Amino acid sequence: MVTPLIELRDVSVGYRHRPVFTHLSLSIDEGRFAGIVGPTGSGKTTLLNTVLGTVRPHAGEVLIGGRPLGRSRPGEVGYVPQLETVDWSFPVTVEQVILMGLYVNRRRLPWPSREERRRVAQIAEELGISTCLSHHIRNISGGQQQRAFLARALINHPRLLVLDEPTSGVDIKTQHDVLHLLHQLNRQGITILLTTHDLNAVAAHLPWVICFNQGVIAEGPPREVFTPEVLSRTYGGELAVFDHQGHLLIAHATTGS
Amino acid sequence: MLDTLLEPFAFEFFRNGLWAALMVGALCGMIGVFIVLRGMSYIGHGLSHAAFGGAVLGYTLNVNFYLGAVIVAFVAALLIHQLSKDGKIKSDAAIGIVTTAIFALGVALISRVRQFTQSFEAALFGNILGVTTTDLWVIAAVLTVAAVGLLLFYRPLLFSTFDRDAAAVFGIPTERLQMGFSLVLALAIIASMNIVGVTMIAAALIIPASTARLLSDSFSAMLIISTLLGALLGVSGLYASYHFDAASGATIVLFGAAAFLVALIYTRIRERLTMHEHLHYHGDVAHAHPHTHDGEHAHTHDGPLTPAKGRTGGTTALADAKYEKLP
Ligand SMILES: Nc1ncnc2c1ncn2[C@@H]1O[C@H](COP(=O)(O)OP(=O)(O)OP(=O)(O)O)[C@@H](O)[C@H]1O
Ligand SMILES: [Mg+2]
């Protein structure tokens, strides 16, 4: 039986008494690879932060693996921030960024132990970024940057991986590579929750989509969820859905006419 | 000649001042790294003014000078943090409002009770020649607290300075860490106040760290360079101020500015000399931009150097070339 890994029960979240969403109930099964889509300001990042525990709900309950937030094993939830929010001029190398993932282990000494270095080398190898471990984070490609932060999240063997807009700020090829990599991770049993603005990437790559606008509008496989009706309720405007040789394509209705 | 050079060492006030400048320089250099990397350079300027206001307030209320200054500076730091947290008030504005208000309170109090104007002049402009043994012990204690704190909390500090939100997700107590850092910063400012002066502390905090950033791309190296440079600037600045007969705080800051300038020129020249531009590869990524071949941008020059899509190397080729898969 599949059990929900993430469970939000009647959760209300807001900043300074301005609610972002209220009475939200949502559960995400273990093993899902789910994408949250919705317009800017609809609360996608806020939803992720609620799951991560960095935003505290006014009301309701958030359970991860059946336990209240904050009681989970350190590193059980992996997080990859939006690349645009990273301070690229900060003086750290790829290796040091990955090492930060191990800071959950509360070792006091500043320098890494031999075991820690071994684990960093191993995860870097798995993600194909061994060659740039000693590079400054500014001096690697967008795809490698994405993988460096992915490695930091994966080094603790998380059950859940949360990514905020992994498809933005990188070109279409890197976007494809990243989603492909996430697929592999998902097949190894990691539950993945991400946000994105790219409906076509969701349609092409993701098995599960959640249309979100201050609440869940609809969820399910993209083929079932992406209907003009649901999309118009999520985004307000008119969006057209095409079937192009078995691939789902979403476009502005105006561009279609 | 040698006699002239060694002359100041004969005076105890000078030796005390030298120790103070050494420790304060190192302390400010060390702490400054976190301030510069967080983009909060203005905080030193602000908190030192708040501390001055606190000192005057403490004096007026008959509380210990140090105690009043530390408490007020710490409270100011917390206030700034709270005010700027939700993003509507930016941190530079929060610093400006909170600390200037407290400074103004100090100035107002001084102007009412004119008789102690003189003793606070030292705090404003620094009077290293009046350093007492008690001052030295206070500075040494603060330096020890800061160094031990840094050693024990190096990892969480590094992570939360780099990316506070992500650090929180990884279980690092970022709020408590921020409070601890604010407290140490307040202590450091009070320890430095009589040496470099309220008006110069900001520079003592920022210059060594910024210079170190120019010279290094590694966090740990930056910390070490900044600490050593701070100490060196403190000692040499103070020594020079004796011979030039100039204010010690100002001389230390001028030496720092000169060091920064030298580092800037050095890095620019080094870049010019070693930088060139052509299409090159990192693994399967090919791109072209001006770069040097040291350390992190190392690549070999063998292999095909034919630019993608028939373009010659140059930054304009970047967009086209970057993701060309190579044979
Ligand atoms: N730290 C914050 N303080 C106050 N308000 C916030 C904060 N973060 C977000 N908001 C507000 O909450 C609402 C939801 O924002 P959120 O960032 O969750 O949207 P989003 O769907 O992720 O948008 P985008 O697609 O642009 O990333 C917005 O109205 C935003 O202005
Ligand atoms: Mg967002």
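B:I201 counts as buried, because its relative accessibility is 1%; buried means under 20% relative accessible area, exposed over 50%, and partly exposed in between, with a 1.4 Å probe and protein chains only. This residue belongs to helix α11 (residues 201-215) of chain B. Helices here are DSSP runs of H or I with at least four residues, strands are runs of E with at least two, and both are numbered from the N terminus.

Residues are numbered from 1 along each chain as its sequence is written, chains are lettered from A and ligands numbered from 1 in the order in which they are written, and side-chain values use heavy atoms, with hydrogens and water left out.

What does B:I201 touch, not counting residues up to four places away in sequence? Its partners are B:G44, B:S48, B:I189, B:S192, B:M193 and B:V196, where contact means heavy atoms within 4.5 Å. B:G46 lies 155 residues from B:I201 in sequence, yet their C-alpha atoms are 9.6 Å apart in space.

I turn now to helix α8 (residues 154-162) of chain B. Nine of its nine residues are buried, so this helix is largely enclosed by the rest of the structure. One of these residues is B:S160, which counts as buried because its relative accessibility is 4%. Leaving aside neighbours within four places in sequence, B:S160 is in contact with B:R38, B:A167, B:T174 and B:L177.

A contrast in chain B is B:D245, in the loop between α12 (219-244) and α13 (248-274). B:D245 counts as exposed, because its relative accessibility is 72%. Its phi is near 60°, a positive value in a residue other than glycine.

A:H157, in the loop between α4 (142-154) and β7 (160-164) of chain A, has a positive phi near 50° although it is not glycine. Is A:H157 buried or exposed? It is exposed, with a relative accessible area of 59%.

Helix α1 (residues 44-52) of chain A, by comparison, is mostly covered, with eight of its nine residues buried. Among them are A:K44, A:T46 and A:N49. Just after this helix, A:G53 takes a positive phi of about 90°.

Let me close with chain A as a whole. It contains nine helices and 12 strands. Its radius of gyration is 19 Å, close to the 18 Å that the globule rule gives for 257 residues, so chain A is as compact as a globular protein of that length. The radius is taken over C-alpha atoms, and the rule is 2.2 Å times the number of residues to the power 0.38. Buried residues make up 54% of the 257 residues. Of the contacts in chain A between residues at least 6 apart in sequence, 65% join residues at least 24 apart.

Finally, confidence. Chain A averages a pLDDT of 89, and 97% of the residues score at least 70; pLDDT is the predictor's confidence in each residue, from 0 to 100. Where pLDDT is low, the predicted coordinates should not be read in detail.

Methods: This is a predicted model: local features need pLDDT of at least 70, side-chain atom pairs count only at pLDDT 80 or more; totals for chains, interfaces and linings use all residues.
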